Amino acid sequence: MSNPELQHLFDWHLEDDQTWESQLIRARYHYRHPRPVHGPAPLRSLGLLFFNSSLRTRTSMEVAAARLGAQASVIIPGSGVWGMEWRDGVRMDGQSVEHIREAIGVLSRYYDALGVRLFATGTDYAIDQSEARFKKILEAATVPVINLESALYHPCQALADAATIQEHLQDEVKGRRFVLSWTWHPRALAHAVPNSALLMAARLGMQVTVARPKGFELDPEMIRLAESYTSKHGYSLTETEDQDAACEGADIIYAKAWGSQLRYDNPDAEKILRDQYQSWQVQERHMGNAAFMHCLPIRRGVVAEDAVLDSAQAIHLLQSEFRLHAQIAILERAWNLL
Ligand code: CP
């Protein structure tokens, strides 16, 4: 069963402006008015299904549920919970004990909402690009599903990032310069965070520049979608291979590492290409008057210099704090608490 209402909490970037803005307002409200425990949802329960590791998303979701008075459980398939089968129509005589259809069907009967973290496979482009595995969860669920980072998007992060930027720039956001700067990383990371950061900044009406080496382009569809937002606000989106020039005069420098498209077909070639760009790091000399953002976790001395992270211009901890406030807003919406 596919429930179109549930798609909203998954493909959140495509939500209408009113929903996006009302969630931003609520996130910032919760920043200013921290909620005591014993909130308006004492009989609600939240199942948090983590197929991948997390510090911020997991803990901020647990605290968000508690702030609303709800109960949250973390479920980690393969770690004290049965390993799961994704494929349909197979005879399950191997390692996987439980099919995702039954698992999500059962959890939907216990919980009033599910949060799911399910990263890109990094090896199967077709599965990742179509969000095929996340869609299986949506099809099997009968309660709202919150995307805690899928192959293509990290919507909770994006909502927190947008609220952080509004707070930091004191609501003078439109037309300000947002630079999404690729950085080197020892691993070929997925595109969910850069996709979401790109769309978030474009939707806020910022002038957006994506600085990345040749070969590390984001998906053309994401660029087109971001351009549709920037052009609505009267701005254009720029892509450049010149990190230094991109950072000049920036208001926000958002650092993020991601892998090349080559990672799917030829991971060895991808690594050789990526390793040519080890100098791509956010350094003190890039900062000017910009604020520094990163979704975390961050590898110090790799993605950014310590001097950047330890400076007053770094707002990455505020950004992480906003994960909590944003997710309270998302749960309020999922449970119609307003
Ligand atoms: N930014 C983020 O999602 O952090 P975690 O991976 O620790 O949840």
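Reader: Which residues surround the ligand?

Author: The model is a predicted one. The residues around the ligand are Ser54, Leu55, Arg56, Thr57, Arg117, His154, Gln157, Cys295, Leu296 and Arg323.

Reader: From which domains does the shell around the ligand draw at least three residues?

Author: By class, this shell has 3 nonpolar, 4 polar and 3 charged residues. At least three residues of the shell come from each of domain 1 (4-153 + 321-334) and domain 2 (157-320).

Reader: Which residue places a backbone N or O atom 3.0 Å from a nitrogen atom of the ligand?

Author: Two side chains supply other polar atoms: one of Arg117 lies 2.8 Å from a ligand oxygen atom, and one of Gln157 lies 2.9 Å from a ligand nitrogen atom. The backbone atom at 3.0 Å from a nitrogen atom of the ligand belongs to Cys295.

Reader: What percentage of the area that the ligand exposes when taken alone does the protein bury?

Author: Taken alone, the ligand exposes 250 Å². Of that area, the protein buries 93%.

Reader: How much space lies in the largest pocket?

Author: The largest pocket is where the ligand sits. Its lining comprises 32 residues, and Phe119, Glu149, Arg187, Leu189 and Lys256 lie nearest the centre of the pocket. By class, the lining has 14 nonpolar, 10 polar and 8 charged residues. The space in this pocket is about 790 Å³.

Reader: What is the volume of the largest cavity?

Author: The structure holds 2 cavities of 30 Å³ or more. Residues lining the largest cavity include Leu118, Phe119, Ala120, Thr121, Ile127 and Asp128, and Glu131, Arg133, Phe134 and Ser150 are also among them. The volume of this largest cavity is about 60 Å³.

Methods: Residues numbered from 1 in each chain as written. Predicted model: local features only at pLDDT ≥ 70, side-chain atom pairs only at ≥ 80, totals over all residues. Heavy atoms only, no water. Near = heavy atom within 4 Å. Polar contact = N/O pair within 3.5 Å; in protein donor to acceptor, adjacent residues only side chain to side chain. Areas by Shrake-Rupley, 256 points an atom, 1.4 Å probe, with all protein chains shown as cover. 1 Å grid on protein atoms, 1.4 Å probe; cavity = no way out; pocket = protein on both sides within 12 Å on 5 of 7 lines; lining within 4 Å. Sits in = over half its atoms within 2 Å of the grid points. Nonpolar A, V, L, I, M, F, W, Y, C, P; charged D, E, K, R; others polar. Domains from an automatic or database assignment. Points joined across faces, edges and corners; volume = space filled by probe spheres on them.
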